[in-house]
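Have a look at the structure first, then read on.

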Amino acid sequence: MNKNWPLWEIFVRSKNGLEHRHFGSLRAADAEMAMNNARDVYTRRSEGVSIWVVESKNITASNPEHNGELFEPAADKAYRHPTFYDLPDDIEHM
Amino acid sequence: MKNKENMNENEKQTKNLEEIFEAKIARDEKIEPKDWMPEKYRKTHIRQISQHAHSEIVGMLPEGNWITRAPSLRRKVALLAKVQDEAGHGLYLYSACETLGISREELYDQLHSGKAKYSSIFNYPTLTWADMGAIGWLVDGAAIINQVPLCNTSFGPYARAMVRVCKEESFHQRQGYEIMMTLCNGTQEQKEMAQDALNRWWWPSLMMLGPTDDESIHTEQSMKWKLKRKTNDELRQQFIDQTVPQADILGLTIPDPDLKYNNDTGHYDFGKIDWDEFWQVVKGHGMCNKERISARKNAWDNGEWVRDAAVAYAEKQVEKDEVKKAV
């Protein structure tokens, strides 16, 4: 038969209060196996308290070639940042 | 005429992209899988990362040889954990390599067919328990020296995998040194066993850091891409300088009559490395090359029905879910 196991992306929450973070990927036949393998591959030293597994094909990624139109418009919008606004030096708590 | 103009336009564009790429690396920015990269960068990385992954996987075999015969439960759990780490490191590296557009299956094929290399040190046999000590101390020691600079390499997925590998690897060397220490504090026979292991693993460990700089064909380009931060000879010197005092503490003798501290340079001078032996082993004529690859191939081939069964089971579960939904 010789079918390849699909690729899964692994996200781990290192401790409560923190977000799940991408840890890496691995191959597994199904979600349950991906979960078991993720535990063995990415949390052998208590690196996590929660794991998400997502089959890689379900992730839609932005294309770096479009980075210009996607991200550059933010660069000239300094008014979104607090330092854009002029205030007297002696004002406090703001 | 029109065609020629297009060609020039394309070439110009590629050249432009290459300049942007080189500048990015010079600024210490990372390259991520979907970013544009020169074909040579991609190929070199596939070669090096896969070679690294294969070394982790094949590297399990010489140590696997001693798991069932470890002298105590303490040693056994440590060795098991070390070998399991190596499997994990192989997996991190295979998936980093796959981001470059090569499939896992192709990678395995290259290993099994001999097209891809792995670290030649794993083609030496592990004859006694002391070899577990010497491997942890020397082979992992040399590997750490090789790997630490790679945590800063330019290709993001490789660098991230290496950070994790290096973090985990530090116990490997310590457990090896502890084994050597225990043997050296033991009976005369045990100490001789430790000395014998050092005698056999010393030179291959020096070779492990790669051919000398003037023989190394990839060094220059790899330095430019920050795939290498130090040359092979620099790494080798660093390894020798830090290992000799460790051997002294064990009371063992490094098997090199020319080894001598050089007051002028502040480094150890050392004897000539037998590069013929190195190339023989690389070319497949080492003591265990055939055994290693056949063990690997057998594991893969004999596991095929298990992999297939897992896929069949997964497909069946999906079908069942669909039937449930339909009802």
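## Strand pairing in chain A

Let's start with one pair of residues: A:R13 sits opposite A:S50 of β3(A). Keep in mind that this is a predicted model. Strand β1 of chain A covers residues 7–13 and is joined to β3(A) by six bridges, with the two running antiparallel.

Step back and you get an open sheet of three strands in chain A, ordered β2-β1-β3, with antiparallel pairing. In chain A, β2 (20–27) and β3 (50–55) are the edge strands; each has a single partner, so one side of each has no neighbour in the sheet. From one strand to the next, the twist averages 25°.

## A helix across the sheet

What lies across β1, β2 and β3 of chain A? That's helix α1 of chain A, residues 31–42. Relative to β2(A), helix α1 runs at about 110°.

## Chain A as a whole

Chain A has two helices and three strands. Reading from the N terminus, its elements go β-β-α-β-α. For 94 residues the globule rule gives 12 Å, but the radius of gyration of chain A is 21 Å, well over that, so the chain is more spread out than a compact globule.

If you like box dimensions, the C-alpha atoms of chain A fill roughly 70 × 35 × 15 Å along the principal axes.

## Helices α2 and α6 of chain B

Over to chain B. Two packed helices are described by the angle between their axes and the distance between those axes. For α2 (residues 39–67) and α6 (residues 156–184) of chain B, the axes come within 12 Å and cross at roughly 25°. With that angle under the 35 degrees cut-off, α2(B) counts as roughly parallel to α6(B). The crossing of α2(B) and α6(B) is left-handed.

Which residues do the touching? On the α2(B) side they are B:Q48, B:I49, B:H52 and B:E56, and they meet B:Y158, B:M162, B:V165 and B:E169 of α6(B). Sorted by class, this contact between α2(B) and α6(B) has four nonpolar, two polar and two charged residues.

## Helices α6 and α9 of chain B

Helix α6(B) also packs with α9 of chain B (residues 232–250), at an angle of about 35° and with the axes 9 Å apart. From α6(B), the contact uses B:Q173, B:Y177, B:M180, B:M181 and B:C184, while α9(B) brings B:Q246, B:I249 and B:L250.

How do the residues of the contact of α6(B) with α9(B) divide by class? There are six nonpolar and two polar residues, and no charged ones.

Conventions. Residues are numbered from 1 along each chain as its sequence is written. Chains are lettered from A and ligands numbered from 1 in the order in which they are written. This is a predicted model: local features need pLDDT of at least 70, side-chain atom pairs count only at pLDDT 80 or more; totals for chains, interfaces and linings use all residues. Side-chain values use heavy atoms; hydrogens and water are left out. Two strands pair if DSSP finds at least two bridges between them. Helices (H or I, at least four residues) and strands (E, at least two) are DSSP runs, numbered from the N terminus. Axes are lines fitted to C-alpha atoms, for helices over the stretch in contact, and angles run from 0 to 180 degrees between N-to-C directions. Contact means heavy atoms within 4.5 Å. Angles under 35 degrees count as roughly parallel, over 145 as roughly antiparallel, 65 to 115 as roughly perpendicular and the rest as oblique. A crossing is left-handed if the near helix is turned anticlockwise from the far one by less than a right angle, and right-handed if clockwise. Ala, Val, Leu, Ile, Met, Phe, Trp, Tyr, Cys and Pro count as nonpolar, Asp, Glu, Lys and Arg as charged, and the others, Gly among them, as polar. The radius of gyration is taken over C-alpha atoms; the globule rule is 2.2 Å times the number of residues to the power 0.38.
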